[in-house]
Amino acid sequence: MWRRCLWALLPLLGPWFRPVHGVFQKLYCSLSDSCECDFKPDLRGLEWDLYRNVFGQHLAQDAVSQEVSAFIRTKSPERPLVLSLHGGSGTGKTLVSSMLVSHLYGSGVNSPHVHRFIPTLHFPRKERVHQYRVALKDWVQGNLTACARSVFLFDEMENMPPGLIDVLEPFLGPSHVVYSTNYRKAIYVFISTVGERVISTVTLDAWNSGRDRDEIRLNELQEAISQEAFNSTHGGLSRSRILSQSLVTVFVPFLPLTRVHVERCVQAQLCQRGQCERSDVVQAVGGAMSYSPKLGHYFSSTGCKAIPAKINLYL
């Protein structure tokens, strides 16, 4: 109650409102765990981080930067932001999701308003889907009531029991307001390897036709990824109403990485260790990675995922 009274007094201070507002805000946030205090979106920082530290993913860089910026800048969004990240292992999906929350909340991934779910940890038994649905709905609704700006990350969607994620359907529509809480300000991120096949096919076709991968456009993959996820025989998005009701804002493809991208990952990791000059290690690790398809060896089979361990072998 005292918090509401504190904020209610501020507009009455007239011309002194702005300077006093800053003082009261600091006082309020020092005494409160309100998500509005920790919610500090740095959209320029997010864009810079994506373009500087994510390699070979022009579609993901553009889509995430543009969608998040437009959503945050909209005072009253019509519906929540739902990003579905798809691609092979080691292509940057988890990295991008971590960057996103790091540039939205002051305490980043450690914010109490950022919720990450891993199916093998949180929903390991398929026969308990009903219990998981009840628990997940209660968790999401409770946390949205506490913080309308909550972020929910669902990793490894390919391992989630089918039917579970559909419990979120009521929260993802354009008109969901419960107990005076606007649930349309939340962000949901699904992360999945489902769709990897179609993404790789489009990328390989571009390569074989002499087309630059940067010429691949987002609209070439949206429907294909949606259909592959929906028709999959496994995973959380299989036959999901979230897809059939078109509740995903954008499907974000992560393209397979070439040796050039892998070596950029190696260089970045070496620089983090203070050894930027080790071009010998860059070449050695790049050559030691496995590539596919068998005819051509264009793309890294594991993206940049195994790079830290490989670097240790050559240092």
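Both Cys 35 and Cys 147 are buried, where buried means under 20% relative accessible area, exposed over 50%, and partly exposed in between (1.4 Å probe, protein chains only). The two cysteines form a disulfide with their sulfur atoms 2.2 Å apart, a disulfide being a pair of cysteine sulfur atoms within 2.5 Å. The link of Cys 35 and Cys 147 is right-handed, with 100° about the S-S bond. Since Cys 35 sits in helix 3 (residues 35–38) and Cys 147 in the loop between helix 8 (129–146) and strand 3 (151–154), the pair ties together parts that are 112 residues apart in sequence. Helices (H or I, at least four residues) and strands (E, at least two) are DSSP runs, numbered from the N terminus.

The structure is a predicted model, in which local features need pLDDT of at least 70 and side-chain atom pairs count only at pLDDT 80 or more, while totals for chains, interfaces and linings use all residues. Residues are numbered from 1 along each chain as its sequence is written, and side-chain values use heavy atoms, with hydrogens and water left out.

The structure holds three disulfides. Another of them joins Cys 265 to Cys 304, with an S to S distance of 2.0 Å, and this link is right-handed too, with 75° about the S-S bond. Cys 265 and Cys 304 are both buried. A further disulfide joins Cys 271 to Cys 276 (S to S 2.1 Å). Here Cys 271 counts as partly exposed because its relative accessibility is 33%, and Cys 276 counts as partly exposed because its relative accessibility is 37%.

On a 1 Å grid over the protein atoms alone, a cavity is a set of points where a 1.4 Å probe fits but cannot get out, and a pocket is an open set with protein on both sides within 12 Å along at least five of seven lines; lining residues have an atom within 4 Å of a point. Grid points are joined across faces, edges and corners, and a volume is the space filled by probe spheres set on the points.

The largest pocket has a volume of about 690 Å³. Of the 27 residues lining this pocket, the closest to its centre are Gly 90, Thr 91, Gly 92, Leu 95 and Cys 304. Elements that give two or more residues to the lining are helix 4 (43–53), helix 6 (93–102), strand 6 (187–192), helix 13 (259–272) and helix 15 (307–314). The lining of the largest pocket has eleven nonpolar, ten polar and six charged residues; Ala, Val, Leu, Ile, Met, Phe, Trp, Tyr, Cys and Pro count as nonpolar, Asp, Glu, Lys and Arg as charged, and the others, Gly among them, as polar.

The count comes to one cavity of 30 Å³ or more, and the largest cavity has a volume of about 50 Å³. Residues that line the largest cavity include His 86, Met 157, Glu 158, Ser 192 and His 234. By class, its lining divides into four nonpolar, seven polar and one charged.

Overall, the protein has 15 helices and nine strands, and buried residues make up 48% of its 315 residues.
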